[in-house]
8 protein chains.
Amino acid sequence: MNEEQLRSLLEDVRSGATGVDAALERVRHMPFEDLGFAKVDHHRALRHGMPEVVFGLGKTADQVVAIAGKLLERSENVLITRTNPAMAERVVRELPEAEYFPMSGAIRFWRNRTITGKGKIAVVCAGTSDIPVAEEAQVTAETMGNEVISIQDVGVAGIHRLLQNRTLLMEARVVICCAGMEGALPSAVGGMVSAPVIAVPTSVGYGASFHGLAALLGMLNSCASNVTVVNIDNGFGAGYVAAIINRL
Amino acid sequence: MNEEQLRSLLEDVRSGATGVDAALERVRHMPFEDLGFAKVDHHRALRHGMPEVVFGLGKTADQVVAIAGKLLERSENVLITRTNPAMAERVVRELPEAEYFPMSGAIRFWRNRTITGKGKIAVVCAGTSDIPVAEEAQVTAETMGNEVISIQDVGVAGIHRLLQNRTLLMEARVVICCAGMEGALPSAVGGMVSAPVIAVPTSVGYGASFHGLAALLGMLNSCASNVTVVNIDNGFGAGYVAAIINRL
Amino acid sequence: MNEEQLRSLLEDVRSGATGVDAALERVRHMPFEDLGFAKVDHHRALRHGMPEVVFGLGKTADQVVAIAGKLLERSENVLITRTNPAMAERVVRELPEAEYFPMSGAIRFWRNRTITGKGKIAVVCAGTSDIPVAEEAQVTAETMGNEVISIQDVGVAGIHRLLQNRTLLMEARVVICCAGMEGALPSAVGGMVSAPVIAVPTSVGYGASFHGLAALLGMLNSCASNVTVVNIDNGFGAGYVAAIINRL
Amino acid sequence: MNEEQLRSLLEDVRSGATGVDAALERVRHMPFEDLGFAKVDHHRALRHGMPEVVFGLGKTADQVVAIAGKLLERSENVLITRTNPAMAERVVRELPEAEYFPMSGAIRFWRNRTITGKGKIAVVCAGTSDIPVAEEAQVTAETMGNEVISIQDVGVAGIHRLLQNRTLLMEARVVICCAGMEGALPSAVGGMVSAPVIAVPTSVGYGASFHGLAALLGMLNSCASNVTVVNIDNGFGAGYVAAIINRL
Amino acid sequence: MNEEQLRSLLEDVRSGATGVDAALERVRHMPFEDLGFAKVDHHRALRHGMPEVVFGLGKTADQVVAIAGKLLERSENVLITRTNPAMAERVVRELPEAEYFPMSGAIRFWRNRTITGKGKIAVVCAGTSDIPVAEEAQVTAETMGNEVISIQDVGVAGIHRLLQNRTLLMEARVVICCAGMEGALPSAVGGMVSAPVIAVPTSVGYGASFHGLAALLGMLNSCASNVTVVNIDNGFGAGYVAAIINRL
Amino acid sequence: MNEEQLRSLLEDVRSGATGVDAALERVRHMPFEDLGFAKVDHHRALRHGMPEVVFGLGKTADQVVAIAGKLLERSENVLITRTNPAMAERVVRELPEAEYFPMSGAIRFWRNRTITGKGKIAVVCAGTSDIPVAEEAQVTAETMGNEVISIQDVGVAGIHRLLQNRTLLMEARVVICCAGMEGALPSAVGGMVSAPVIAVPTSVGYGASFHGLAALLGMLNSCASNVTVVNIDNGFGAGYVAAIINRL
Amino acid sequence: MNEEQLRSLLEDVRSGATGVDAALERVRHMPFEDLGFAKVDHHRALRHGMPEVVFGLGKTADQVVAIAGKLLERSENVLITRTNPAMAERVVRELPEAEYFPMSGAIRFWRNRTITGKGKIAVVCAGTSDIPVAEEAQVTAETMGNEVISIQDVGVAGIHRLLQNRTLLMEARVVICCAGMEGALPSAVGGMVSAPVIAVPTSVGYGASFHGLAALLGMLNSCASNVTVVNIDNGFGAGYVAAIINRL
Amino acid sequence: MNEEQLRSLLEDVRSGATGVDAALERVRHMPFEDLGFAKVDHHRALRHGMPEVVFGLGKTADQVVAIAGKLLERSENVLITRTNPAMAERVVRELPEAEYFPMSGAIRFWRNRTITGKGKIAVVCAGTSDIPVAEEAQVTAETMGNEVISIQDVGVAGIHRLLQNRTLLMEARVVICCAGMEGALPSAVGGMVSAPVIAVPTSVGYGASFHGLAALLGMLNSCASNVTVVNIDNGFGAGYVAAIINRL
């Protein structure tokens, strides 16, 4: 039952066409989600400037092209994450305006580039191997209307490189830190800034990194109080949360 | 070398009392941290309204009383977390104005109660056993100058209880979700609000909860994009991050 | 908004006291859970013959006595699980009709002993150390209105003891299997009966049993297709599910 | 020794052709399994309407074709699970009436479509990536004589989509829930229905999902009491157990 | 149905008192385990010289005294493992002839000291902290009729101490190796002897020993081909298997 | 220093050509391993009837052909384990008398087929997928001079199939049990026989089998006292230990 | 701001061209790392004789060729680790003087072969499968100016082979031990020498080796006090640390 | 056979009292360890200045007093680690010159305080809770003849505190880093110094620190090449290795 139907029902009650008991019964069983939930979703999308995201992993190229095509009809900005090269090639060929990021596999349709974030978001990564995850975070945050500061290759084993970027870091309203191996970067960064730090463990490493577990545990145990953590390699999630914080 | 010493050195250079080479040598080796780092720390504390936190676990009652006593001389608000009953009894007896929270073991000296947070912070917990962790989050957020909405016992297995609190939840600028066992609450809450959600896995459960690991993994894999995670039972960290986000 | 309020609103619409737009607005925002959710819960309890269960672990004796006392006012049967001896002593002293099971720590108030289950539930355990968990399952199933067959000490290393109980097992409509150590019993039982088998890994064992993990993994990998699994030591859960299946 | 041989022996005893001691000796050592065990198996198959299942994983296409061919001579319904495309292509080409389900790799020969289940089985899945596992559960339940309600894409992060399907869910006599990532769906569903819920963790996810471990642990720790769990991606097992419960 | 009943039935058949069909039916359903299974167990006990073992862990002192007392009526040798000091004190006080081993908590009643093992069993341990486990293995093997060579404190980090005992080791027909920490001893011993080596990981260690997991994994991965492994701290199991091998 | 050199030195001492002090010094530093260690190895090989085993995994076909060729010059029986098809094809083509076992990848040169084992070795496996591991065990045991009884597809979920083979099992002097998934077979077999049982967990399974971990833990926690365990999929190790036990 | 700029500034202060306040401001904000940090790095490289290492894993052949080419302009020795064959082929073809080590995938440009280490470094490995990791350690140590003693195939299951190399081992100033499977070698070697031993667990093994975890845990729990550990398969790290110790 | 016996044998050979063959046989079988191994051990102790260490954990106070008393007769310096307060009280009361360190439980007899280390050893710890482990490392290193620089409370979340100690750190010839929680300190320190860094993970933390596992994994994955790792809380091992490196 949508709003129109509810209005129609109430008008029938007013006109006497429907009795109170019958109306009561219909209202009681009406799918409550029709009362605005979907709109909430819709509003949230509009408010965020990024109506929909397509998670490419596990979908076929056909599916991704079809879904993205449909989304592009009603949304200005669309983000596809985790595509593979073949899928990306299809998307870029068939959907105009696609911007492809080969390292992370992200594809962006960025037609509304209004900056809505209130400050800058810094995306920091420890080593060059972490760049794909950082790129996913950056693309997500940008597409959601944020100015992004990118700081790369500032692992804690070369702490002076991090310190050199202190001024840049302190400009940011929200900081995203991507690091694999020992995952120590968010603690160091967290101690340098007073902004919230979103830590992204990456699966970079070998042996006892156990595909990112070492970095994940390290970040969860950070002695810096301003650090929260997302899933291993979840650049998208970090970019998304940073964007909604930066909108506050 | 602090700023005064540096100024004095430069004046000696100007006056010729110190040669360029000697000055160069002294500047080169000066502990750079004297150039303002400590102040940054100090400023941060002032800005946050909560200068210092004492982590009680692993300290003796004597140590905690001494440290807290000293901090109270220079800070209006002091928070002690993870005390045990004997330690708490000592603190309350010896330090006036102590407010003790027996479930979480937190003790608060809350002399400046100015609200500085820009919105409300909701602290939601899944079951009554999660309340100690939620309490630590709430006490932390409050002491840092925030109005807190407390919503308890709204686990996903009774989803209607959560839905009943939808309006309350949507009032919050930041949401903290504490849950043990399967840790599913942040996903459900994350889907209902557009605010950032900070998930706190708790060690509540038995058997295959593995002391909070199940909840932790669940939260890290949340399908809601606005969820970030802190360490198991880390109510303090969640309250802290929520507070710095709410100040933005 | 409850049903009375909704009826009143609709009558106001009919009488013209409230306009359609105003009514629409109020309906749209009414807390949908008032439309019957709580009743569903109430009905379920009545239908199951066991209105409430108190999980004793982590509560104080005072809390348990208070909660159970209140529940006993409106429900015939009440079950308290995971009490410790001191808590149990309090409950038994203060609440008449309490039946205490020291091995599992369960306490039962069993005032309505109608059998509502359609068949028998067999509770099988591998070794004598598994009996506490089996007892919790049995007490739960009984209190929910079921006749329980108890078969003890039939581990797979003495397969003939299990085979001797084949006739008993085949009488059961649902089978609960509790086993620690290697957790092999559900596979053997699952191959002998065509009824659904609910496997309960127990934390019985040492060393590489890892507090029930070995048994849990074994049961999840059972080559018998009629086996499902609950949490380690979760006798209550097994008894509960067996009871709702036996009611079908 | 089969029944004929035993009868013959007893007749020899009656006629005096065999002495009591000799007969006693032979009976004592006779392979007891000849006394009806195999028949039990046979009866069970007939009673279930699905005599045999072929687990395709790890077999060659030749083996699967041969086994399935033989089974089809004596059974009306045969189910092959976990085939790969090449194997499926062979089976479909060589064995008429094969119905192939590419997402799950299941192949079904469904010649007897009598509905023997007493109610409906709901197969619910959290996201589109969980559909292959849900499909395996559905195909299994259907082939075993059940009507299946399929509810897709109702993850807890969009709880209203789940609530929209409440009526459908409450129609089911048994519910199967397939979910990867945080595996929270069974808790939410378990709280909405009073039917038994069989939870299937899927390996959908990345990073800290650890190939389904996060979902598995979440489900084992469900705070809904009517939930039991099967192995990761074990749609077949869930469908099988649901079918035997629905036959009760 | 026991042998007497079967004989009686067959005699009834011979006499015509029971028809073939009726007899057939009774034989078909007779509990097959009555045909000698229990005797097998009894024979095995007699053959092994150690009729029963009581696992003390998790039992009360009362239970252990009662069980052991009953066993001593029919068996010459009885072994109780994993007692605690209070339990041991009770057993020693109430049951004459008890021999108590405080390090391992084992108690032995060793009334028949016939050596039935065909060779010697060596029990080797890496460090002094492993002696409790080694003692349990030795007491078990001795009570089962074996001569035991005890070799202590020969960890691989002092390989010369192990080499000094080479002659002793080579005298053994079966070798038991107890080691905690890195668990390397079985590999070194396995390379020095051609006898079968039973490795017992112990929970000795701290930190990354994870309560014996490190030693367990090390032993399972031994590059010596003559090594098999039992559970962490399972001295009893090692002694038992060594004894049955030494009887071959 | 080999034996000839030592003899020569002693003769020089006797003749006075070398002084006692000088001789003492040389003996003290002589590499002790020259005093017969290598011979010990050689003797062991001769005594076992299987001088050398080549572990194919991780070697090139060239290496395997070269090593095996050299071994065949001095040993009658050679076993190559874990070859892949391409490597096997090379070995079979270039080395006459090679016997290839495609399921396990084992290749055997079995020129001396004398039976030296004192009894039979039973190799039991739970399911058809465990056959490759069982085959490796059987080939190893046979090549080491043993008669092997092969019992397949007797998983505990069809316990009657195992019981049908009870007589066969009880003929064996040593039993090897290969099982994946829940790994329950060794417990059931261990309870049926008094012979030592060597359990081989296999990596057969999916999901929560974690590549054989579930079976491994199950076997380590077996409640049957006569069970020891080797590494996951280590059919060779089981066959080797069974052979050296059967030689006792 | 580098040293020249700072000198220039101080001279401007002395000359009065810059005021004290302005100078103070510039010094306060000067990137402190310019005060010698980079030089520290540069000096360290020169001092170590190996200015830069390229970690090939995860880079493209183009990237590796470009980076190595640039490094070769300013450094005499360059080491590339973890290349794959295709990448190696490119590097060898395009960059003269490349020395390729196919087992480990290392490539070395070794133009300055001065020995700077004060003693010898022994690189010991347990089995032939560990050689690739040992080779990476050896190539690293050599390229950093050390003489390396290579001792192969001395696993603890053949302890005499290790003992035969005692003299060689005792010559080394630092020992590197590479071992997979049970990882016992460092304990045995650690007990034989008084030099520091750097243990490298390798991922050699199968089943319960869990990709090197068993060896890693074993080494961390070594009962030899002179053992430290690096990551699984981290031959480079071991060679690097050995080299800096050998330079002391 | 000790040296005297060997000399006597050789003299018998020279005198003709023993034939060459008989002597050859005796030498061949002589326990080689008598040829000086024990002396090697003795020499090593003398060379290190610390003859023996007593690991107190798991020993009784009586045992520790007895062992330490005996060692003090022949060694100047004795170190007892991991005592508990009661044990320490006994040792201090009964053995003069005992120096007790309550935080780590170490007890030292330090009669020879000669500095034999060639440089300084820095012992750095991240937080105050790590001090017990750092203390054990420091006491060990000191007792082995080293000057120790102690740097405390320099966690990476306050990187400026670490940088303030840069000069001190760079003075050290070997650095020990103790850190719990995320264990990031060794990476930061490793990047600042060119000395070898021995990382000690501590069990400080809660929740996802998993008793030091997070710190251990972090350190094993350190991106600083000069870091090696010892077991969790193994301050003794770190001090020991640092001491033998500092002696080079």
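A: In this predicted model, chain D can be superposed on chain C, with an RMSD of 0.3 Å, by a rotation of 179 degrees that carries a shift of 0.2 Å along its axis. The two copies are thus related as by a two-fold rotation axis. Within chain D, the C-alpha nearest that axis belongs to D:V229, and it lies 2.5 Å from the axis. The copies also meet through the same surface, because 97% of the interface residues of chain D are interface residues in chain C as well.

Turning to the extent of the interface, 33 residues of chain D are in contact with 32 residues of chain C. The size of an interface is often given as the accessible area lost when the parts come together. Between chain D and chain C the buried area is about 2,600 Å², and carbon and sulfur atoms give 67% of it.

As for specific pairings across the interface of chain D and chain C, the rule finds zero salt bridges, while it does find four residue pairs in polar contact, with both residues at pLDDT 80 or more. On the side of chain D that touches chain C, the elements giving two or more residues are α3 (37-48), α8 (166-171), α9 (185-192), α10 (213-220), β9 (227-229) and α11 (235-246) of chain D. The largest share of that side, six residues, comes from α11(D). Sorted by class, the side of chain D that touches chain C has 20 nonpolar, nine polar and four charged residues.

Note on methods: Residues are numbered from 1 along each chain as its sequence is written. Chains are lettered from A and ligands numbered from 1 in the order in which they are written. This is a predicted model: local features need pLDDT of at least 70, side-chain atom pairs count only at pLDDT 80 or more; totals for chains, interfaces and linings use all residues. Side-chain values use heavy atoms; hydrogens and water are left out. Contact means heavy atoms within 4.5 Å. Buried area is the accessible area (1.4 Å probe) that two parts lose on being put together, summed over both. A salt bridge is a side-chain nitrogen of Lys or Arg within 4 Å of a carboxyl oxygen of Asp or Glu. A polar contact is a pair of N or O atoms within 3.5 Å; within protein, one must be able to donate a hydrogen and the other to accept it, and residues adjacent in sequence count only if both atoms are side-chain atoms. Helices (H or I, at least four residues) and strands (E, at least two) are DSSP runs, numbered from the N terminus. Ala, Val, Leu, Ile, Met, Phe, Trp, Tyr, Cys and Pro count as nonpolar, Asp, Glu, Lys and Arg as charged, and the others, Gly among them, as polar. Copies are superposed by least squares on the C-alpha atoms of residues with pLDDT of at least 70 in both.
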